[in-house]
Amino acid sequence: MKVLKFGGTSVGTPASLRNVKDIVESSDEQVIVVVSALGGITDQLINTAKLACKGEIAYLQIYASIVERHLKVIDEVVSEDKRLDVKSIVNPLLEELGNVFRGINLIKDLSPRTLDVVESYGERLSSVIISNVIDGAKYFDSRNFIITKKQFGKHVLDTEATSKAIHATFDSADFNIAILPGFISSDRDGDITNLGRGGSDYTAAIMAATLDADVLEIWTDVDGFMTADPRVIDKAYVIDNLSFPEAMELCNFGAKVIYPPTIYPVFHKNIPILVKNTFNPTAKGTLISSDHHCAEGKAIKGISSINDTSLITVCGLGMVGIYGINARIFDALARNGVSVFLVSQAASENNISIAVKSTDAQLAADVISEEFRLELQRGELTGVDITHDLATVAVVGENMKHTAGIAGKLFNTLGRNGISVIACAQGATETNISFVIERPNLTKALNVIHDSFFLSETQVLNLFIVGVGNVGRRLLSQIRHQQEKLLKEKALQLRVVGIANSKTVVFDQEGINLSNFESRLKESTISATPENIKNGVIGMNIYNPVFVDCTASASIAEYYADLLSNNVNVVAANKIAASSNYDNYYNLKKIARKKDVKFLFETNVGAGLPIINTINNLINSGDKILRIEAVVSGTLNYIFNVLSKDIPLSKAIMMAREAGYSEPDPRIDLSGKDVIRKLVILAREAGYRVEQEDVARDLFIPEKYFEGSIDDFFKTITDLDETFEKKRVEAENNNEQFRFVAKLDEDKASVSLQMVTQEHPFYSLEGSNNVISLTTERYKEYPIIIKGYGAGADVTAAGVFADIISIANIR
């Protein structure tokens with residue numbers, strides 16, 4: 001024998017009732033079917049009763065719609081030969097219900113007992129209808145065998161009386177298919193009661209456990225338990241198997257697939273529960289049993305949450321070492337019907353925090369204050385405080401007990417995303433780690449946990465890209481073309497949630513389609529001020545955020561500290577921050593370490609060359625950088641390489657600009673400013689405190705050429721063509737090359753134009769290539785040489801892309 005329960009939208013429409021009919025009639029064994037009210041009817045019954053009690057005539061309209069809906073369902077799903085018989089039962093029930101409403105309206109009173117009666121009509125009506133829809137079904141009235149008693153002012157199951165009544169009813173009953181209403185019950189006096197919201201699941205579990213069913217099937221409107229709430233996490237998926245403890249924990253912390261008390265009766269009889277979807281009966285569903293299943297590499301099964309949490313904190317030194325404090329707290333709360341779902345207490349015993357539903361918070365605080373009124377007056381307790389607007393998250397999985405470091409990874413993950421844990425609790429069984437956070441952080445917390453604990457099939461990075469010039473545009477193109485491959489091969493989803501150009505910015509938490517981002521920017525009404533960009537990024541409060549700066553803007557760089565402080569990773573092609581005054585540079589690195597986020601700027605020096613990473617790896621492994629020599633201006637190297645009899649200096653500069661190797665204003669490269677910035681960054685990463693002003697400079701273009709506009713520059717720079725041609729001829733005759741060299745020798749830094757011979761490693765440097773020589777304590781005789789493309793939007797964008805990928809820590 002098996003017990004099936006149908007509820008929610010499963011019995012909400014004629015179409016869904018036909019599914020119920022097909023499922024039940026396809027069974028080849030004895031079946032007990034427990035049904036809920038037609039979807040949404042219970043709420044309508046309650047609202048109608050409340051309106052009637054207030055004397056509002058509108059209750060008649062709702063009552064009429066309830067009557068109409070039930071009669072319509074009968075006309076659409078009950079066979080024609082049975083309709084009159086069904087209506088002969090249903091019509092008196094509907095008339096009786098109308099009389100109850102009219103009585104409430106006359107006396108203007110709605111007692112709990114009367115409300116129980118009103119609520120019972122939903123299940124009574126639906127079960128009568130369904131028993132006449134399913135061929136061969138026999139109707140049983142649950143009020144005759146589900147018995148309750150009063151406890152703490154609430155109706156609870158009278159287990160012994162119920163067991164006797166069920167056996168008396170069913171042991172000798174002749175049926176293949178039994179239909180009975182869920183939720184409703186009666187007390188020993190015969191008055192109508194109920195098992196509470198979601199009680200139809202509980203009714204089914206009681207029947208299954210009492211009659212030793214082979215399985216309890218809960219048919220609902222979802223495919224089963226999911227790893228998280230799919231309304232919050234779009235990557236959530238159905239869990240194939242749960243143990244009873246895992247299912248209990250998920251249900252108690254907000255997973256509304258089944259009513260929490262449902263599990264207890266069948267757990268004790270080791271009867272499995274199968275959760276199935278009435279609208280998708282071929283789906284596998286979720287099997288809840290005593291067996292423990294866990295997919296390889298997954299320590300947790302799922303995440304549940306309660307988003308309307310308040311925390312009550314009782315504190316005071318008078319609690320230390322005093323027996324019975326907790327007993328008094330929980331006894332006082334129980335007497336007043338307040339349920340506590342999380343408890344956190346300091347080892348010093350000077351405070352205890354309890355989590356309750358927000359609607360119970362004030363009552364809980366008042367109850368505890370009254371219980372400890374004398375202690376509060378004497379100052380032994382310093383207060384009973386309420387913290388509102390919180391949420392509780394539960395991470396559930398029996399395999400956590402076999403996996404070391406779960407709690408550490410969990411809290412590290414939350415902290416890295418700027419989510420503070422206000423209170424936490426973990427049972428000795430290690431099946432559940434529960435914690436309380438601020439409610440605005442709930443969505444972020446659920447997503448980042450789902451990603452970090454391999455519940456998600458993919459890891460997500462949410463990117464904000466500022467600057468869509470040469471580098472930014474190519475970066476967006478590279479991301480667009482690599483998104484599918486990274487998702488398929490590395491399970492990494494790159495989601496661009498913000499883009500800004502020089503005029504406007506667009507934010508979209510669902511992700512921006514990179515094929516039409518330009519039109520989105522044109523349509524945006526948000527001005528791309530640095531303040532708007534910063535506020536938009538931080539205000540989105542999204543998980544795994546990465547801010548990518550492809551500008552040369554000092555005002556954008558000023559906000560790095562704010563972004564890092566709000567747990568936003570920063571990837572910068574912009575050199576300004578890392579080469580600014582040392583204290584600012586050091587502060588940014590310090591914030592990144594403290595917040596456990598990344599501040600990456602590999603492309604600040606050699607575009608896509610792994611220079612900074614190499615220096616960091618050397619230092620982190622215990623080596624020391626003694627000397628750095630580098631040609632790190634792809635622009636200048638390009639200029640010196642194309643100089644010839646037919647291409648003078650002025651033309652070479654223009655060619656570098658047109659090829660995209662130089663800054664928009666090439667004087668930044670020609671002045672040596674860009675090389676100085678890069679040298680300062682290299683020196684700092686090598687462990688030296690160097691400012692731009694500390695760098696000795698021997699420039700090859702006089703200062704007067706840097707005054708005025710760019711147009712003025714190109715008009716006057718031709719004056720140097722003849723002088724440079726003479727130097728070029730001299731170098732050619734001596735088999736030498738121009739190289740603008742940045743040098744760090746211990747703590748002395750300099751930049752200068754040098755002539756290098758064929759024997760020098762910097763001689764053979766084609767096009768816009770860069771080269772860096774690192775002399776260290778380990779590599780003293782034979783320095784490390786890093787050589788390759790050092791300029792160009794494509795390689796710079798690729799370097800930025802590599803920094804982004806490194807944040808995901810994939811291989």
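Analyst: Start with a parallel pair: strand β19 (residues 459-466) and strand β22 (residues 545-549) are joined by 5 bridges. Strands here are DSSP E runs of at least two residues, helices are H or I runs of at least four, and both are numbered from the N terminus. Within this pair, L463 has V546 of β22 as its bridge partner. Two strands count as paired if DSSP finds at least two bridges between them.

The model is predicted: local features need pLDDT of at least 70, side-chain atom pairs count only at pLDDT 80 or more, and totals for chains, interfaces and linings use all residues. Residues are numbered from 1 along each chain as its sequence is written, and side-chain values use heavy atoms, without hydrogens and water.

β19 and β22 belong to an open sheet of 6 strands, in the order β21-β20-β19-β22-β23-β24, with mixed pairing.

Confidence next. pLDDT is the predictor's confidence in each residue, from 0 to 100. The chain mean is 90, with 97% of residues at 70 or more.

Now the packing. The largest nonpolar core has 107 residues; I449, F547, Y560 and I628 have the most contacts inside it. Such a core is a set of buried Ala, Val, Leu, Ile, Met, Phe, Trp, Tyr and Cys residues joined through side-chain atoms within 4.5 Å; buried means under 20% relative accessible area, with a 1.4 Å probe and protein chains only. Helix α27 (residues 673-685) gives the largest share, 7 residues.

Key:
Buried < 20%, exposed > 50% of the residue type's maximum accessible area, 1.4 Å probe, protein only.
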